Amino acid sequence: MSTIPALSALTQQTSFDRTAVVDAVVNAEMMPSEKALERREQHLVREQELMVSVYQVVNELQHSARSLVQEARVNGNGNGNGHGLGRWVAVSSDNNHLDVKVSGRPDPGSYQLTVHQLAQPQIMVSPPMEKGVTFGESGTLDLALNGGRWKINLFAHGTLPTIARSIQLNTEGKIRATVINSKEGQQLLLTGAEKGADLRMTLNGTGSGARLAAMMTEQVAPSDALISLNGVELSLPGNVNQQVIHGLAVTLKQADPDRRLYIDVSQDVEGLVGAMAGFVNNCNALLQTSEPRDDKGHLVSADMPTALRGIGSQLRKLVNATPKNTTPDSAEHINSMLDLGVSTLRNGLWSLDEAWFRHQLVAMPYPVLHFLSDHDKPVLAVAGKMEALMSGNGPLLSRVSYLSRNMQQLASDQHVQQSKRAMVHNRINQQFLNMEQSMQRMNRNWAYVHNI
């Protein structure tokens with residue numbers, strides 16, 4: 001019976017944390033497969049995020065390539081012959097005094113302009129009359145201005161406001177009629193809708209119309225606009241959309257004889273420069289996403305799918321690519337992206353020399369525009385490549401579909417794993433319960449023997 005006390009001490013140590021022990025045993029059995037699922041999930045999520053980034057930059061690159069081609073085509077067709085930039089820009093030094101608008105292909109340069117006088121319409125006015133005064137007899141009022149003639153019937157006992165409405169309605173606004181109220185009484189104001197020194201109204205009539213025509217006097221004489229352009233004095237018949245410079249319309253807003261205004265007319269290359277810079281930036285975004293490199297040009301792993309790993313090398317080849325049909329004596333002087341100021345840096349990214357690109361646009365616009373918009377040249381080749389990548393059968397969507405299926409399978413495997421963990425937990429927990437029950441029976445047996 002010497003072994004009985006030792007057995008009693010062992011069997012009475014039942015205060016251990018069964019829950020913690022069960023969890024530890026379950027974790028030891030399930031952790032390897034669960035860690036494998038976790039690593040698998042991390043890999044799929046990382047690649048999925050990468051594919052989203054790639055799709056976004058591919059879409060942006062495709063859009064910027066198309067925008068650059070569209071900008072080149074608009075410029076190439078804008079001047080009617082396709083041999084130069086079709087967009088021009090005119091800038092006024094003071095939009096409060098002078099507005100300018102390109103209306104064709106203007107002559108480039110800088111112009112100095114002074115507005116001495118704005119064009120004015122003729123203004124006729126009647127003498128003051130008592131408010132509510134009427135013309136007792138009927139009659140007609142004949143008006144003429146700038147080739148237009150109107151006969152207005154005046155009824156007996158008509159007032160100035162009714163006469164003004166009749167003039168306004170019958171002349172369709174060519175002569176504006178207004179009744180103004182002054183301290184002395186009401187006055188009829190007639191204003192020509194058009195400006196110019198030669199545009200004078202003529203008035204006559206019968207009856208009350210003849211009386212009204214006889215009393216109207218000229219308040220403001222019609223006048224032309226007076227300006228000086230590079231020292232040359234000019235008269236203009238109006239203030240709006242005046243073709244002072246070939247291909248350029250000016251609108252005069254304020255007269256100031258002591259103020260010098262300037263108009264700068266030049267080719268608008270900034271739209272193309274911006275489109276080219278956007279194209280290069282989006283190429284770099286795709287290069288950084290698909291094949292990231294360090295400052296020394298060494299490739300950094302990005303877990304890119306095999307079908308997409310060649311994008312970077314294909315883009316880099318485009319910088320130095322020369323059309324097959326190009327010969328040393330070819331009339332086309334733009335043979336590659338290098339000729340447009342695009343070069344490759346040490347880290348594999350593109351660089352655009354905007355100053356050189358502007359120079360080439362001005363020096364040889366047709367070859368540049370043709371190169372940018374030609375189907376056999378790099379820009380459209382990039383656009384086509386990006387469209388192929390994003391197509392339904394392309395590697396991008398194929399990979400996305402593959403990842404989607406894998407994520408669904410992963411979710412199913414994780415559900416199975418959770419069910420398995422619950423089953424293992426129940427089994428281990430039951431085993432420990434059985435062991436506790438066995439130990440309790442042993443304790444009761446020991447106590448029974450000890451008491452005999």
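Is E172 buried or exposed? Select E172 and find out. E172 counts as exposed, at 70% relative accessibility; buried means under 20% relative accessible area, exposed over 50%, and partly exposed in between, with a 1.4 Å probe and protein chains only.

Before moving on, note what is on screen. This is a predicted model, in which local features need pLDDT of at least 70, side-chain atom pairs count only at pLDDT 80 or more, and totals for chains, interfaces and linings use all residues. Residues are numbered from 1 along each chain as its sequence is written, and side-chain values use heavy atoms, with hydrogens and water left out.

**Stop 1: two loops**

Stay on E172. It sits in the loop between α3 (160-170) and β9 (175-181). Helices (H or I, at least four residues) and strands (E, at least two) are DSSP runs, numbered from the N terminus. Phi of E172 is near 55°, a positive value in a residue other than glycine.

Now select N241. Its loop runs between β14 (232-236) and β15. Phi of N241 is also positive, near 50°, and N241 is not a glycine. N241 is partly exposed, with a relative accessible area of 42%.

**Stop 2: the three-strand sheet**

Select β2, β16 and β15. They form an open sheet in the order β2-β16-β15, with antiparallel pairing; two strands pair if DSSP finds at least two bridges between them. β2 (98-102) and β15 (242-245) stand at the edges with a single partner strand each, so one side of each has no neighbour in the sheet. The twist averages 40° from one strand to the next. Axes here are lines fitted to C-alpha atoms, for helices over the stretch in contact, and angles run from 0 to 180 degrees between N-to-C directions.

Zoom in on β2 and β16 (residues 248-252). Five bridges pair them in the antiparallel sense. Pick L98: its bridge partner in β16 is L252.

**Stop 3: the five-strand sheet**

Next comes an open sheet in the order β1-β17-β3-β13-β14, with antiparallel pairing. β1 (88-92) and β14 are at its edges; each has a single partner strand, so one side of each is left without a neighbour in the sheet.

Select β3 (residues 109-117) and β17 (residues 261-267). They run antiparallel, joined by five bridges. G109 has V265 as its bridge partner in β17.

**Stop 4: S373**

Finish in helix α8 (residues 365-373), where S373 lies. S373 is buried, with a relative accessible area of 16%. Leaving aside neighbours within four places in sequence, S373 is in contact (heavy atoms within 4.5 Å) with V69, A72, R73 and L380.
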